[in-house]
Amino acid sequence: MKTRTALLLGASGLVGGHCLRLLLEDEAYGKVRTLVRRPLSVEHPRLEQQVIDFDQLDGAAALITGDDVFCCLGTTMKQAGSRAAFRRVDFTYPHEIAKRALNNGAEQFLIITSLGAHPRSRFYYSRVKGDIEQAIRALDYRSVQIFRPSLLLGDRHPSRRGEKLGMSLGRACSFLMTGPMRKYRPIAAETVASAMLAIAREQPKGVNIFPSHRIQAIHDGTPSAPAPPAGPPGLI
Ligand SMILES: NC(=O)c1ccc[n+]([C@@H]2O[C@H](COP(=O)([O-])OP(=O)(O)OC[C@H]3O[C@@H](n4cnc5c(N)ncnc54)[C@H](OP(=O)(O)O)[C@@H]3O)[C@@H](O)[C@H]2O)c1
């Protein structure tokens, strides 16, 4: 069987960590290459860790290769310290890496954005997420898979105070979120990772957008309605 190479961005993060574990368990991937800024304490015969400077991607261009690119990069405004620094992590790095991976032969790009992502959102966070969706869609990938989760659940070290409160509230109110409100239900980071791998295996062509409730359904093995048509770039 011909195996694939996964290129994973954000392997040290909450969703990225689950992606890494699941990719290493998946025999379909002969190699899992991570691009990280600090080495991870994980060793595996199929894991290739590349420590790079994300601000000097030209120097790392030859390492930005793989069949399926899993992008779990991200930061918060608080962590980044400014809007510009936030945008660099959530827009510039994924975009620059996506372009280089495509040049190097990648076929499928899978990215986590967020519920509410839209280039014209009044919230800066959602606008940047919408911008990166639009920029990735404009590239000539055979397949683009966009995952828009609601609040992520999972053990984060160190934990984020506001997020912890959101998780508790979200969990408590989850049962109220039915029908069109389902996409607002908090979702486990592990669920997002497992849905990403399931879709990567299927490789649906074109641009596909997965709102939070569909991510959950893919993980549960009960994909409900087909994904809404993604429409041309700019009309997300
Ligand atoms: N948290 C939520 O509730 C939520 C909801 C919806 C969508 N999302 C989105 O889902 C995605 C994954 O979220 P997550 O919670 O799993 O993220 P996370 O745990 O914060 O992990 C983020 C990853 O990005 C890397 N990163 C951050 N700043 C970097 C920088 N300056 N240079 C290089 N790498 C950098 C981190 O590496 P280091 O370990 O080296 O810092 C880490 O691997 C993000 O895009 C996030 O915006 C999150």
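Start with the contact between α3 and α4. On the α3 side we have Arg83, Phe86, Arg87, Asp90, Phe91, Pro94, His95 and Ala98. They meet Tyr124, Val128, Lys129, Asp131, Ile132, Ala135 and Ile136 in α4. Contact here means C-beta atoms, placed from the backbone, within 7 Å. Helices are DSSP runs of H or I, at least four residues, numbered from the N terminus. By class, this contact has nine nonpolar, one polar and five charged residues. Nonpolar covers Ala, Val, Leu, Ile, Met, Phe, Trp, Tyr, Cys and Pro; charged is Asp, Glu, Lys and Arg; the others, Gly among them, are polar.

A word on the source: this is a predicted model, where local features need pLDDT of at least 70, side-chain atom pairs count only at pLDDT 80 or more, and totals for chains, interfaces and linings use all residues. Residues are numbered from 1 along each chain as its sequence is written.

How do α3 and α4 pack? The angle is about 15°, and the axes are 10 Å apart. Axes are lines fitted to C-alpha atoms over the stretch in contact, with angles from 0 to 180 degrees between N-to-C directions. So α3 is roughly parallel to α4. Under 35 degrees is roughly parallel, over 145 roughly antiparallel, 65 to 115 roughly perpendicular, the rest oblique.

Next pair. Helices α6 (residues 189-202) and α7 (residues 212-220) pack at about 70°, axes 8 Å apart. That makes α6 roughly perpendicular to α7. Their contact divides into six nonpolar, four polar and no charged residues.

Definitions and conventions. Helices (H or I, at least four residues) and strands (E, at least two) are DSSP runs, numbered from the N terminus. Two residues are in contact if their C-beta atoms, placed from the backbone, lie within 7 Å.
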